[in-house]
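Subject: Structure handover

Hi there,

Here is the structure I promised to pass on. Please have a look, and my notes follow just below.

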Amino acid sequence: MRYLALAMSLDGTLSNAGRIDAALEQLRRSGRRALLVTARRLGELPPLCPRLELFDCIIAENGAVLHWPARRESLSLRAPVPESFTMALRRRALSSVERGQVVVYTQALHACALVEAVRELGLELQVIFCGESALAVPPGVNKGAGLQAALLSLGLSPHEVVSIGSEANDHSLLDVSECAVAVADALPALKERAAFVTSGAAEAGVVELIEELVRDDLQAARARIPHDSLLLGFDGAGDAVCIPAYGDNVLVMGPRGSGKSSYAFGLLERLIQKKYQPCVIDAQGDFPLREDLARLGSRLRAPRVSEVISALTDPSAKLVVNLAGLPAYEQPGFCAELFTALRVMRERTGRPHWIVVNGAQQVWPSGGPAAMGAPCQLGETILLAEHPGEVARSILRQVDVAVAAGPAASRALGELAQALAEASPYVPLSASQADEVIAWFVTEGHWPMRLSVPPGRAERLRRLQGHVEGDLGSGSFVFRGPEGRLDVRANNLSTFCQVAEGVDERAWLFHLWHGDFSRWIRHVLRDDELARQVSAIEQRYELPAADSRRQVLGAITHRYALPA
């Protein structure tokens, strides 16, 4: 399942939650979790929601309090608003002041009194509106923060959650969730934020959403839901080539030294940046590490499956399972057991979001008895293999995108096609540069394309110092001017900014209007993001030279933290 939990707002959406009991029972039978999110106090809920036990967790007081009905336990996430604040409000003759475990409530028409009391006492409080009520809450308290805390307690992450709301205080709730939905009678601002709007209003809209979730996991609405994407690289025109961050399997091929591991590590970095949980199964024991990757196992000690599952219980954990301590003939059996446990965990929590297998030919060798234990459905897996023909065919058939690195990329793609009993794809060009790969969208039937690869973090840090203060040699930018009379060389970015400040307007505009700056940044510095920013400035021909110069140099100094 793609979506494992539904977070529904009570405020303005469920005036009588008893009407959706049957739908909630159906949701829970499907294996999904239900979370109730409300600005109300826990004591107010039983008359509105007689069957609170249908919810795995209740996020009350606008995200300040968590309650688990099955355990009959509650937890305040913040210290309560000081009693002195309540007394200050009552001195203003406000009769409708009420306290929760954390939050103070009054009518929305008294919001000015709330602000005055905050100022008078010098407190750090937020004023939030919910329907006809105004709430004074501690800083950082909102429905989204409460939802994140509730998900952590349930072993889920925001990537598995659909949220539905209608009121102004539901924005943070929808912002946190992977799929944001608004009911038909929601505020216009919330509808603009939502991926889609239900046909029904209030409770009818919630029931409608639950039925769609249970029926097809929102597949019918998939085109309307914005999804994260995983960047593979940039095509010849500089456009990003991506795949969805959910649903595909990627094979990265190439012999040792081809850049295969560096490319896969870059994919892993981009997944971590988007807060997806990875689990790397390192059959070869040489997968590169970063400081936030925890390692289980070594060449002296093999990990246990139970250790892996226990470590992944924390949604923020990023794990490398080192199998170098296992003999090669034992690795397939261990991985069969591990993948079974990971499949069960994924069904329950949706995590780990991506699995990376370094040395797929050792885990699922072609033709060997271990191929019989290969999983029939991988799902969100990145496979690394030196030669695809050495990997079990049942695994190769699940590959959606194949990426070949190194000068022998076309040979690797041909080997894959032969293993799949398909005609060899036409590869017009090989990956001749160190930062290029050939990508073949196997399931879509597209011809392979050459992609330039954004550098990984370690490579970016190394390049950064060289770009700013080093010597680019033949890659230096040369200011020549319209008649070619100049010959001023800038061998790094610091020098470029100094020279650019001093060249005359004609020389500056000549290079600007010819796109020379963005071309140099893209092809020499390999910084596609900065190149796109500068290219946009280059195309604004109406800008005076002083303005375009200030914008280009400002973009460079901001990007590389150069002294202004």
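How many helices and strands are there in the chain? There are 20 helices and 25 strands, where helices (H or I, at least four residues) and strands (E, at least two) are DSSP runs, numbered from the N terminus.

Before the details, some housekeeping. This is a predicted model, in which local features need pLDDT of at least 70 and side-chain atom pairs count only at pLDDT 80 or more, while totals for chains, interfaces and linings use all residues. Residues are numbered from 1 along each chain as its sequence is written, and side-chain values use heavy atoms, with hydrogens and water left out.

First, the chain as a whole. Its C-alpha atoms fill a box of roughly 80 × 70 × 45 Å, taken along the principal axes. Of the 564 residues, 55% count as buried (under 20% relative accessible area, with a 1.4 Å probe and protein chains only). Taking the contacts (heavy atoms within 4.5 Å) with a separation of 6 or more, 61% come from residues 24 or more positions apart. The accessible surface (Shrake-Rupley method, 1.4 Å probe) comes to about 24,700 Å², and carbon and sulfur atoms hold 51% of that.

Next, two of the sheets. In what order do the eight strands of the open mixed sheet stand? The order is β5-β4-β3-β2-β1-β10-β11-β12; two strands pair if DSSP finds at least two bridges between them. At the edges are β5 (73-76) and β12 (196-197), each with a single partner strand, so one side of each has no neighbour in the sheet. Within this sheet, β2 (residues 33-37) and β3 (residues 57-60) pair in the parallel sense over three bridges, and the bridge partner of Leu-36 in β3 is Ile-58.

The other open sheet has four strands, in the order β6-β7-β9-β8, and its pairing is antiparallel. Here β6 (98-99) and β8 (126-130) are the edge strands, each pairing on one side only. Four bridges join β7 (residues 104-107) to β9 (residues 133-137), with Val-104 standing opposite Ala-136 in β9.

Helix α3 (residues 83-91) packs on this sheet and touches β6, β7 and β9, its direction making about 20° with that of β7. Helix α4 (residues 111-121) lies across β7, β8 and β9 and runs at about 15° to β9. For these angles, axes are lines fitted to C-alpha atoms, for helices over the stretch in contact, and the values run from 0 to 180 degrees between N-to-C directions.

Methods. Buried means under 20% relative accessible area, exposed over 50%, partly exposed in between (1.4 Å probe, protein chains only).
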